Amino acid sequence: MPAIAVLLTSTSCTTTDKGPTMTREQAKQKTEAYVADAFAALPQPVTTLPDRDDDGMCFKNDAPSEEDGRVMAVTSRYLRGIPADHHAATFDAFRDHLVKAGFTVTSSHRDAIFFTNPKDDFRASIDDGGDWSTTLTIGFVSPCVWPNGTKPPTK
């Protein structure tokens, strides 16, 4: 399973639904900026291709199968053209860059590393791309946000 899918399914939205949040567009811009910054820190040459650019749905804390109207902005990219013997260096560069940017490693194993930024609750991951020996995948996910920044009035 790609890291981004694991990242989404293993983390529930536990942020409060009171008060304003950043908008969905602001969250998306931030995930895209994180991807661009991380890509610039990687050993080159490497080619990026879109993997996922959409929203994940957030669910009620007391009813985890019911959507609550908030979304998570998701941006992930395939990193192509990285020989298998360069994967470790790419993982190291990604990890070093994110740690300097304030992220902490939340989970790590041979094929993937997962991060959280305690300052803004954004999450990140890098994984080995599965069956593609020359491909890695990086991704960033925002915390749950109200699409327009505020909770809609209840009816």
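1. Thr135 is buried, at a relative accessible area of 1%. Buried here means under 20% relative accessible area, with exposed over 50% and partly exposed in between (1.4 Å probe, protein chains only). Thr135 belongs to strand 6 (residues 135–141). Strands (E, at least two residues) are DSSP runs, numbered from the N terminus.

2. This is a predicted model: local features need pLDDT of at least 70, side-chain atom pairs count only at pLDDT 80 or more, and totals for chains, interfaces and linings use all residues. Residues are numbered from 1 along each chain as its sequence is written, and side-chain values use heavy atoms, with hydrogens and water left out.

3. Which side chain does the side chain of Thr135 contact? Its partner in a polar contact is the side chain of Arg80, at 3.2 Å. The term covers a pair of N or O atoms within 3.5 Å; within protein, one must be able to donate a hydrogen and the other to accept it, and residues adjacent in sequence count only if both atoms are side-chain atoms.

4. Cys58 and Cys144 form a disulfide, S to S 2.1 Å. The criterion is a pair of cysteine sulfur atoms within 2.5 Å. The count by this rule is one. The pair links distant parts of the chain, 86 residues apart: Cys58 sits in strand 1 (residues 47–59), Cys144 in the segment after strand 6. Both cysteines, Cys58 and Cys144, are buried. The S-S torsion is about -100 degrees, so the disulfide is left-handed.

5. Strand 3 (residues 104–109) and strand 4 (residues 112–116) run antiparallel, joined by five bridges. Pairing requires at least two bridges found by DSSP. A hairpin of two residues connects strand 3 to strand 4. Ser107 stands opposite Phe114 of strand 4.

Note on methods: Helix = DSSP H or I, 4+ residues; strand = E, 2+ residues; numbered from the N terminus.
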